[in-house]
Amino acid sequence: MANKRWFQILVFFVLVFLLIWLISKTEFIFTPVFQYLGAVAFPIVGAGILYYLSKPLMHLFERLKINRIFSIVLVFLVIILLVYLFINYIAPIAQTQFNNLIDNIPGMVGMIEDFITYWQNNYTALPDQVLEAVQDFTDNIQAYVENILNSVFGFISQLIGILTGLILVPFFLFFMLKDGDKLVPFVTRIFSPKKASNIKSLLGKIDDTLTAFIQGQLIVSFAVGVLLFIGYLIIGLKYSLTLALFGMLMNVIPFLGPFIAVVPALIVGAIQDPIMILWVAIVMVAAQQIESNLISPNVMGRALDLHPLTVITVILAAGSIAGFLGILFAVPFYAVAKTIIVHFYHTYQDTKKDKNDALI
């Protein structure tokens, strides 16, 4: 029985879970390692995202017969130019609109309170439970606003830590661009040629999956942000640039992002003019239709091959486990895990013909 393939795989997984159990019992040994990984996680992830975005540009420079080091320098110059343009031409307008929005929050809260008071005085036929819920909301609206502001300030404090980590991102990015092609040969050199070829194929599929998701999702989000900005300008929505930038950032989150992005725009539109709710909804639906039917199929294609219901389930589960970061990284993590599982399944099918194809 020990020679049976299914028994060997079962023993492998038992040993893996046993190793995980032993690690959990000796966590005092691994705690410093995890703390170190946590400290460098953000620079590595940030550099990794920039790596997948800038790698095509570096290869373009190399096809023009430019040395790799000079190609990397040119990539950095392009990134610096884009940051300079954003800081000098987009950030000041967005900051002014954001400051105006923050300054107008008390007036918006007052308008909401007046509307609720008017509603209570003129619709007394409503059930007592509804009136109690409205009254409770009215009594605690100031507390709700304070909680929102506290969350914003907490995010700002986290943002300061993120900005500190940004200092390391260029260094990681430089070495990723310079030595990224050496990773696969380094990993596969300890294996036999056939197993090395199999592992190289797996790493290539993972690289393709991450490339499709990162490049595709960010390009799609940028396109949606531009569409929202144009749409908000057409309907005359206040704070159009700030709301469009917020929509662009939220669209990084698959499926749930658009629903989150539209909430501030609907609130601002309702306060500006109730009819704006309809116009904002039309703009959002139009942008999402263009994105889902024209942009996404051409940018991302079917490279990920993920069912929408599966993605929603994964996002909700990851959000309950790891919060916002879980939501943000759930889809690429799931896509990579699916790629690995499918590859191992195909490898297992091949081992039925030739045991030398087995990885384990």
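Biologist: Which salt bridge does Arg68 make with its side chain?
Modeller: The side chains of Arg68 and Glu62 meet in a salt bridge at 2.6 Å, N to O, where the term stands for a side-chain nitrogen of Lys or Arg within 4 Å of a carboxyl oxygen of Asp or Glu. This is a predicted model, in which local features need pLDDT of at least 70 and side-chain atom pairs count only at pLDDT 80 or more, while totals for chains, interfaces and linings use all residues. Residues are numbered from 1 along each chain as its sequence is written, and side-chain values use heavy atoms, with hydrogens and water left out.

Biologist: How many salt bridges does the structure hold?
Modeller: It holds five salt bridges, and one of them joins the side chains of Lys55 and Asp207 at 3.4 Å, N to O. That pair links distant parts of the chain, 152 residues apart, with Lys55 in helix 2 (residues 27-63) and Asp207 in helix 9 (residues 193-235); helices here are DSSP runs of H or I with at least four residues, numbered from the N terminus. Lys55 is buried at 10% relative accessible area, whereas Asp207 is partly exposed at 24%.

Biologist: What about Lys178, which partner does it have?
Modeller: Lys178 meets Asp179 in a salt bridge, side chain to side chain, at 3.3 Å, N to O. Lys178 is partly exposed, with a relative accessible area of 30%, and Asp179 is also partly exposed, at 26%. Elsewhere, salt bridges that share partners join Glu62, Arg68 and Asp181 into one network.

Biologist: Switching topic, at what angle do helix 10 and helix 11 pack?
Modeller: Helix 10 (residues 240-250) and helix 11 (residues 256-272) pack at about 165 degrees, with their axes 7 Å apart, the axes being lines fitted to C-alpha atoms over the stretch in contact and the angles running from 0 to 180 degrees between N-to-C directions. The two helices are therefore roughly antiparallel, a label for angles over 145 degrees.

Biologist: Which residues of helix 10 make the contact?
Modeller: They are Leu243, Phe246, Gly247 and Met250, and their counterparts in helix 11 include Ile260, Pro264 and Val268, with contact meaning heavy atoms within 4.5 Å.

Notes:
Angles under 35 degrees count as roughly parallel, over 145 as roughly antiparallel, 65 to 115 as roughly perpendicular and the rest as oblique. Buried means under 20% relative accessible area, exposed over 50%, partly exposed in between (1.4 Å probe, protein chains only).
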